[in-house]
Amino acid sequence: MNLKRKFWSGNNRFRLMLTLDLAVMLPAAALIYVNFAHLKAIRRDKVLEAAFHRDFQEMLAISEKKINRKIYTMTEEVRDLFPSPDTGTESDKGRRLDLILSKSPWVSHVFLFDHEKGLLFRSQPQQMSDRYFCEEHERLAEMFGGWLGMEAKMMVEGMHKRNRLITFYPDQVKRAGSYSYMTTAFFCLPQLSKDRAVLGGFSFDPNYLKQTFFPEMLEELIAHKLTEGGGNQLAMMVYPADYEGGNGDKVLAASAGWTEGKPEVSRNLDDVFRGLTLGIKYQGTSVEALGRRWVQRSFLILGVLSVLLIGGLVLTYHNVSKEVALARLKSDFVSNVSHELRTPLSLIRLYAETLELGRITTQEKAEEYYRIIRKESERLTALINNILDFSRIEAGRKEYDFRETNIAELVRNTLDAYRYQIEEQGFTFEQSIDSSIPTVRVDREAIGRSLVNLVNNALKYSADEKFLGVKLYRADGVLKLEVVDRGIGIARGEQSKIFEKFYRTCDPLVHNTKGSGLGLSLVRHIAQAHGGEVEVESAPGKGSKFTLSLPLAGATRQPANEASSGATAS
Ligand code: ADP
């Protein structure tokens with residue numbers, strides 16, 4: 001029977017393990033493994049960095065488009081101010097060009113070329129005092145004159161063919177001793193037919209580009225990007241395509257956040273600003289560092305989640321196996337209790353029937369039978385009281401009736417009722433009761449039942465050496481009730497478990513002894529309800545000492561009877 005039960009409980013445990021492993025552990029482990037592998041792949045293949053770079057590329061392409069759109073709009077606005085080559089005298093046209101220069105201080109040179117009438121070339125008058133500007137004026141006027149003379153017709157045709165009536169030419173000019181980037185717009189006048197070799201144009205002032213246009217444009221681009229919600233602040237820079245870092249002077253413009261370092265991604269500009277490069281990066285950090293941080297954080301989160309998951313599983317396993325064990329204990333309990341009920345009942349019936357039949361001849365024998373019937377019914381009552389108490393406790397309905405009690409008297413009376421049984425079973429009985437203990441507020445029935453349970457256990461679980469000691473004394477403001485035996489004892493590992501409901505130790509003597517596994521759990525509940533505790537000291541084969549400690553705080557008065565301890569032996 002025992003073996004079978006063990007097998008089934010082992011089987012239950014195995015099923016539980018299997019379910020947990022298959023249904024939870026395996027998918028969880030797979031999930032954790034896949035995620036770790038995934039993160040590792042992300043780190044190895046620099047997936048994040050690539051994604052950031054793609055983003056940057058896209059941003060740069062959009063930025064170039066925005067820069068170009070702005071330049072085109074500005075160019076179109078200037079073009080709209082251009083005089084028609086067919087109305088007015090040459091000096092009228094010259095005045096119109098001068099007007100453009102005065103209206104748009106960001107224009108360095110402005111010109112109108114008509115194949116028939118030649119080149120009208122004007123430059124910002126207030127800058128003509130600058131030697132380099134003056135030289136630039138001379139050089140460009142001469143160059144454009146000659147060049148357009150030869151190329152204008154083809155250029156106009158080409159621009160019409162490509163349907164792009166504006167085109168730009170980059171140039172390097174010397175201003176205040178250093179070279180600067182300048183771009184010049186050439187355009188066809190839209191109101192003219194495409195076979196007229198007429199071209200207008202103007203140069204963007206290099207200082208304007210460097211000091212105003214690019215800085216403003218970069219800030220605007222970054223501000224726009226920020227509103228789109230990137231966590232890290234961006235920085236952008238414009239520099240010559242052949243710039244390899246180092247000499248910061250050559251950088252054309254950089255946004256406020258650009259402190260140092262190379263751009264993360266760069267894009268060579270085409271069309272309007274050919275020869276320039278637009279670079280982008282994060283302020284104060286690099287994409288690599290960001291990627292690394294992200295991967296590290298993900299690893300950490302995954303690690304913490306894994307630990308939580310494993311912790312949860314262990315906890316679940318622990319709880320479920322506890323439930324399984326409890327279920328087993330409960331089924332043991334039912335069979336134990338039924339067994340315990342059956343034995344006294346059949347004894348009572350047997351002796352009662354014998355008495356009824358009148359077969360008993362001697363008075364002594366009859367008295368013995370009566371005593372057996374009384375003893376067995378007392379045992380039944382005790383068992384049923386235990387079960388009732390237990391069910392009340394389980395349902396949370398157990399109520400205690402605390403009253404001022406002379407505890408020494410209570411203990412003495414309870415033991416007296418048992419004295420005969422103790423001695424009859426051949427036990428040496430020692431009792432030491434400190435009668436000077438003040439009255440305490442306790443539930444008499446509950447404390448009496450605790451003592452009965454402890455004494456019963458001592459009697460039940462003693463084999464060779466039959467000794468029972470009961471001691472009631474005070475120690476450090478605590479009331480102690482000790483029940484000592486020299487019986488089979490309890491293994492250390494089981495000492496905490498015996499106070500759990502239904503628990504019975506594995507000792508063979510315990511299995512052959514009737515019991516429900518409820519007694520000690522009741523004792524503990526009662527002790528705790530009184531603000532106290534019950535403890536055990538025990539060594540297998542040597543015996544056990546159960547100590548019920550109750551606080552003396554509720555002590556109110558000294559009992560009238562101050563008699564000291566008494567000891568009895570048999
Ligand atoms: P029961 O005695 O009905 O089995 P208890 O709750 O009173 O239930 O005790 C629980 C278990 O603790 C017992 O089954 C026994 O294994 C162990 N035990 C209790 N008292 C003693 C004792 N004095 N000596 C040895 N073992 C004990």
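Ile407, Leu410, Val411, Thr414, Leu415, Tyr418, Gln421 and Ile422 of H8 touch Arg444, Ile447, Gly448, Leu451, Val452, Val455, Asn456 and Leu459 of H9. Contact means heavy atoms within 4.5 Å. Helices (H or I, at least four residues) and strands (E, at least two) are DSSP runs, numbered from the N terminus. By class, this contact holds eleven nonpolar, four polar and one charged residues.

The model is predicted: local features need pLDDT of at least 70, side-chain atom pairs count only at pLDDT 80 or more, and totals for chains, interfaces and linings use all residues. Residues are numbered from 1 along each chain as its sequence is written, and side-chain values use heavy atoms, without hydrogens and water.

The axes of H8 (residues 407-424) and H9 (residues 444-460) come within 10 Å and cross at roughly 35°. Axes are lines fitted to C-alpha atoms over the stretch in contact, with angles from 0 to 180 degrees between N-to-C directions.

Now the ligand. Polar contacts (N or O atom pairs within 3.5 Å) are tabulated here.

| Protein atom | Ligand atom | Distance |
|---|---|---|
| Asn457, polar side-chain atom | oxygen | 2.8 Å |
| Asp485, polar side-chain atom | nitrogen | 2.8 Å |
| Gly519, polar backbone atom | oxygen | 3.3 Å |

The protein covers 98% of the 530 Å² of accessible area that the ligand has on its own (Shrake-Rupley method, 1.4 Å probe).

Conventions
Ala, Val, Leu, Ile, Met, Phe, Trp, Tyr, Cys and Pro count as nonpolar, Asp, Glu, Lys and Arg as charged, and the others, Gly among them, as polar. A polar contact is a pair of N or O atoms within 3.5 Å; within protein, one must be able to donate a hydrogen and the other to accept it, and residues adjacent in sequence count only if both atoms are side-chain atoms.
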